[in-house]
Structure formats: structure tokens, C-alpha cells
Amino acid sequence: MTPNDLIHQTAEIIASSRHVVALTGAGMSVESGIPPFRGKGGLWEKFDPMEVAHIQSFMRNPERVWRLLISEMKDILTEARPNPAHYGLARLESLGKLKTVITQNVDGLHQLAGSRDVIEFHGNFAWLWCLDCGDRARTVDIDVNPGRLPPRCGCGGIYRPDCVFFGESIPMQALDRSQMAASSCDLMLVIGTSAVVQPAAFMPLIARQSGAVVIEINPEPTPLTGTTSKLLVQGKAGSAVQQITDEVERIMAARRQP
Ligand code: OAD
């Protein structure tokens, strides 16, 4: 099958679906200038995740984790803007097809592009909270000058990002809602995730076991490919989602013709 056939087939399946859910990962935001975690140019090539992204490393040495990882992420995420893949999913929602986005990303770009029902599986980097008093602060308002790390709340406590570190549980509501979304969809689009981190990677299996079709959009195959997913649209999210959405609009308009 040519790439165009795959785009067309995916669009046909979306146009015939009633309840589409998307699961997105870091690859969704690569074209917004945010590096992925795994693979070429990924963050985990530079850092050992157990040293910079595990809750125990943060609690042992918050200054180090802020300095190595979080300050750099703050600069990158503040600059990032949605790309055509984020806008494409927002358009699919407006067309009444896509009901929910489950994202592992903490960049808030789906909401910025206009998606309204977004489950933030791993939290959101836009907010921090104080380990002592629980006060919440916006990340953009915090000074990440290397001499002043880790940032502290007025009470003297250390701020941490409102993101899920390795070793922490997924927020209960996000997990419950995701499982519900996965089990009630008739199509799950799995976009830009290596599908190796649990429990997020389990959502496509729940969808499949509940009778949904699973389609991946990714330049590379994943452990889901050829087992859980029916199709792999092999390519970058930006152009693939944009082309698929254009095609869905065309098919839906043609079906409305008398
Ligand atoms: P990964 O970095 O593991 O995987 C990124 C995926 O995106 C890979 O499968 C790439 O092939 C694909 N990719 C790269 N460029 C792309 C593009 N332009 N368009 C589409 N896909 C592209 O990211 P995640 O699967 O999101 O968790 O990682 C899952 C979790 O592991 C993250 O949420 C994070 C991380 O450790 C925590 O920090 C708790």
C-alpha cells in the first residue's frame, strides 16, 4: 500500500467512526521543536531518566534535577507552539469525530490548538506546586537563574513541576477517564508514541480488546505495530494528520451531497 492509500484508508475509517480517541506522545510535538525522549536526538540519549526523571532523584537532589532538566525544558516549552498535527486533531474534534485526546505530553499544545477534551496522563509542565504547603505557581513566572535553584515558594518549600515523575502514580482521575475513553471508542489513533511506557501504552490494548480499530501514525514501527494496530501510517505527525484531516473533511462533505 502506498503512503497515499494509507492516508485515504485512515480517513475513510475516521469518517465512518462514531467515537474516535487519540493517544499522543512526544513525537506529536517534535515538529513544535520539543525533543522526544527515546531515539535519535532524544532526551534520554543525553540523560539517564532514572537520574533526572525519577521522583527519588528529585527528592534527593532537587537542585540538580532543576538545573539539568527542568530549566532547559522550561525554555523549550515556553517557546513551543502547536504544529499542524495538533491543529488537525482539533479540527477532527470540531467535525464531531474525535471525542478525547489522551496525551502523555506535558506541553499543553493540544489545548492551545483548540482541543477541548484533553486528558493529561503525565500532568502539565505549566504548573508547579510547593512540596511543603501545596501552593501552586505558574512555571513561566518562576526564576530559573542557575544561582537560585531550586525555586522556592514564599513558605520556603521547594517547587516541583505538576508532572508525573518515574516512580509516581498516574493521577487517579486521568487514569480512570483514559481507561473509560479507551474502552468506549470505536477507533483509537496512536500518534508519536514509542508505546513502551506503562500504563499509557496499555490504552491501545484496552481499545483493541474492546473492539476498536487501532491506527498508528509514527515514522517508526512500535511494539503495537502488526499486533494491536491495524495500520501504521509511516510518517511525521504534522503532514500525516493534516492530510488525513483534509481527506476526512472531503469524504464527509461528499457524503452530505444529495
Ligand atoms: P518517546 O520519546 O518514547 O517516543 C517518541 C515517538 O515519536 C517514537 O516512536 C518516534 O518514532 C516518534 N516520532 C518522532 N518524531 C515524530 C514525528 N515527527 N511525528 C510522529 N512521531 C514521531 O515518547 P513517548 O512515547 O511519549 O514519561 O514517551 C512516553 C513517556 O516516556 C513520556 O511521557 C515520558 C517518557 O519518559 C515520563 O516522563 C513519566
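View 1. The model is predicted: local features need pLDDT of at least 70, side-chain atom pairs count only at pLDDT 80 or more, and totals for chains, interfaces and linings use all residues. Residues are numbered from 1 along each chain as its sequence is written, and side-chain values use heavy atoms, with hydrogens and water left out.

There are 22 residues around the ligand. A residue is near a molecule or strand if one of its heavy atoms lies within 4 Å of it. F37, R38, T193, S194 and N218 come nearest. By class, the shell has ten nonpolar, eight polar and four charged residues. Nonpolar here covers Ala, Val, Leu, Ile, Met, Phe, Trp, Tyr, Cys and Pro; charged covers Asp, Glu, Lys and Arg; the others, Gly among them, are polar.

View 2. On its own, the ligand has 800 Å² of accessible area, and the protein covers 91% of it. Accessible areas come from the Shrake-Rupley method with a 1.4 Å probe; for residues, only the protein chains shown count as cover.

**View 3. C133 and C153 form no disulfide****.** A disulfide is a pair of cysteine sulfur atoms within 2.5 Å. By this rule, the count is zero. The cysteine sulfur nearest to that of C133 belongs to C153, 3.6 Å away. That is too far for a bond. C133 is partly exposed, at 47% relative accessibility. C153 is buried, at 10%. Buried means under 20% relative accessible area, exposed over 50%, and partly exposed in between (1.4 Å probe, protein chains only).

**View 4. Helix α5 holds L69 and S71****.** The helix spans residues 62-79. Helices (H or I, at least four residues) and strands (E, at least two) are DSSP runs, numbered from the N terminus. L69 is buried, with 11% relative accessibility. L69 and S29 are 40 residues apart in sequence; their C-alpha atoms are 18 Å apart in space. S71 is buried, at 11% relative accessibility. The side chain of S71 reaches the backbone oxygen of W66 at 2.8 Å.

**View 5. A cis peptide bond joins L149 to P150****.** Omega is near -5°. P150 sits in the loop between β5 (136-138) and β6 (159-163).

**View 6. The loop between β7 and α9 holds A195 and P199****.** Strand β7 covers 187-191, and helix α9 covers 203-209. A195 has a positive phi, near 55°, in a residue other than glycine. A195 is buried, at 11% relative accessibility. The peptide bond between Q198 and P199 is cis, with omega about 0°.

Conventions:
Polar contact = N/O pair within 3.5 Å; in protein donor to acceptor, adjacent residues only side chain to side chain.
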